[in-house]
Amino acid sequence: MLQRQRPRRNRRTPAIRAFHSETWLAPQHFILPLFIHAGQGRQPISSMPGCERLSLAEMVAEAQAAWLEGIRAIVLFPKVEEALKTSDGQEAFNPQGLVPAAIRLLKAALPDLMVVTDVALDPYNCDGHDGIVRDGIILNDETIEVLCKQAVAQAQAGADIVAPSDMMDGRVGALRDALDEAGFSHVSILSYTAKYASAFYGPFRDALDSAPRFGDKKTYQMDPANAREALRELALDEAEGADMVMVKPAGPYLDIIAALRQQTTLPIAAYQVSGEYAMIKAAAQNGWIDEKRVVLESLLAIRRAGADVILTYYARQAARWLAGQA
Ligand code: PBG
């Protein structure tokens with residue numbers, strides 16, 4: 001049989017495969033999420049084996065270890081004490097609060113580490129919603145005023161990148177103005193542009209005890225059925241001055257990452273969320289899949305779809321695997 005076209009020729013040896021490999025992973029592409037709490041020590045998170053809530057001292061130790069493994073960015077998520085939660089979420093902009101304290105410690109220990117912060121009210125709000133609630137409605141513009149104070153407090157503490165995950169309309173432009181007016185024109189905005197109302201966030205809400213106390217987040221987070229709507233959010237975030245845009249979750253939304261990649265010149269981040277982590281972890285612990293190969297493949301697929309950077313709970317482990325360590 002005469003076969004002129006033989007694609008297998010390009011797969012024949014490791015060298016030829018590496019020669020034209022289109023996508024690759026490196027620790028510089030990862031953002032490591034860290035859960036922090038005001039108490040002492042490390043607290044396990046049952047639905048996320050291998051992840052823990054960290055005291056501020058443990059957080060610094062974790063960031064230092066990650067830095068040595070090549071991780072250059074972390075994102076902070078606080079577990080806020082019940083007594084500090086209010087309906088207006090004002091602990092979110094307390095300059096002496098847990099997150100500003102954490103940022104100052106991190107910047108003192110690791111000045112070149114990029115510290116990313118979450119801008120949203122759910123850890124601080126007694127309703128567990130990302131915005132202020134009145135009569136069962138999540139208020140948009142009133143919430144943005146608090147988000148602006150939150151982002152400025154984070155910038156004052158030394159945050160490099162603020163990442164609004166709240167999905168209120170117009171918050172990127174408002175944050176840009178607030179940061180600029182406060183003298184933080186150098187602080188970047190990583191917008192959660194296409195954040196879906198996803199069941200894959202379940203373990204994260206366990207970790208922070210931040211599940212909504214009533215209803216769901218469908219009036220602000222996007223409908224998983226929709227793709228065009230992500231492009232509309234992208235256009236708004238670009239016009240409002242976002243420096244980077246995000247798709248979340250990542251693995252089940254590769255088409256959205258690819259669609260944004262076609263449409264924007266901005267860097268794209270994708271968030272491999274808690275439920276994606278928990279599923280891989282559970283299957284691996286049962287011996288049903290090869291954890292290392294599945295994790296690296298899942299991250300590679302997210303990059304192939306068009307993401308520049310990936311937020312992943314596997315950041316440290318993946319960095320070690322990429323360096324040839326166990
Ligand atoms: C909250 C926030 C959530 C996540 C990141 N920021 C949860 C939510 O929107 O309910 C989820 C991350 C994950 O599941 O890993 N603003």
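I count two residues as in contact when heavy atoms lie within 4.5 Å. With that rule I looked up R42. Leaving aside neighbours within four places in sequence, R42 is in contact with E52, R53, L54, E58 and E62.

**Ground rules**

I am working on a predicted model, where local features need pLDDT of at least 70, side-chain atom pairs count only at pLDDT 80 or more, and totals for chains, interfaces and linings use all residues. Residues are numbered from 1 along each chain as its sequence is written, and side-chain values use heavy atoms, with hydrogens and water left out.

**Overall build**

I took helices (H or I, at least four residues) and strands (E, at least two) as DSSP runs, numbered from the N terminus. The protein has eleven helices and twelve strands.

I checked the radius of gyration, taken over C-alpha atoms, against the globule rule of 2.2 Å times the number of residues to the power 0.38. For 326 residues, a compact globule would come near 20 Å, and the protein has 20 Å, which agrees. I also looked up the extent of the C-alpha trace. Along the principal axes it spans about 75 × 45 × 40 Å.

Next came burial. Buried means under 20% relative accessible area, exposed means over 50%, and partly exposed is in between (1.4 Å probe, protein chains only). Buried residues make up 54% of the 326.

I then asked how far apart in sequence the contacting residues lie. Among contacts between residues at least 6 apart in sequence, 75% join residues at least 24 apart.

For the surface I used the Shrake-Rupley method with a 1.4 Å probe; for residues, only the protein chains shown count as cover. The accessible surface comes to about 15,100 Å². Carbon and sulfur atoms hold 51% of that surface.

**Charges and salt bridges**

I counted Lys and Arg as positive and Asp and Glu as negative, leaving out His and the chain ends. Each charge was placed at NZ of Lys, CZ of Arg, CG of Asp or CD of Glu. There are 34 positive and 40 negative side chains. The centres of the two sets lie 13 Å apart.

My salt-bridge rule is a side-chain nitrogen of Lys or Arg within 4 Å of a carboxyl oxygen of Asp or Glu.

I went back to R42, in strand β2. R42 forms a salt bridge with E52, with the closest N and O atoms 2.7 Å apart. This pair links distant parts of the chain: R42 sits in β2 (residues 42–44) and E52 in strand β3 (residues 52–54), ten residues apart. R42 is partly exposed, at 33% relative accessible area. E52 is also partly exposed, at 30%. R42 and A57 are 15 residues apart along the chain, and their C-alpha atoms are separated by 9.8 Å.

Then I looked up R316 and E62. Their side chains meet in a salt bridge, 2.9 Å from N to O. R316 lies in helix α11 (residues 315–322) and E62 in helix α2 (residues 56–68), so the pair ties together parts that are 254 residues apart in sequence. Both R316 and E62 are buried.

Which residues form the salt-bridge network with R42? I find E52, E58, E62, E69, R316 and R320 linked with R42.

Another pair is K85 and E82, whose salt bridge has an N to O distance of 3.6 Å. K85 is buried at 9% relative accessibility, whereas E82 is partly exposed at 44%.

**Helix α5**

The buried residues of α5 (residues 171–181) are R171, V172, G173, L175, R176, A178 and L179. Their cover includes β5 (114–119), α4 (141–157), β8 (161–164), β9 (188–195) and α7 (228–240). Just after α5, G183 takes a positive phi of about 90°.

**Two buried sites**

S210 is in the loop between α6 (202–208) and α7. S210 is buried, with a relative accessible area of 1%. Not counting residues up to four places away in sequence, S210 touches D122, G128, F204 and R205.

E276 is in helix α9 (residues 274–285).
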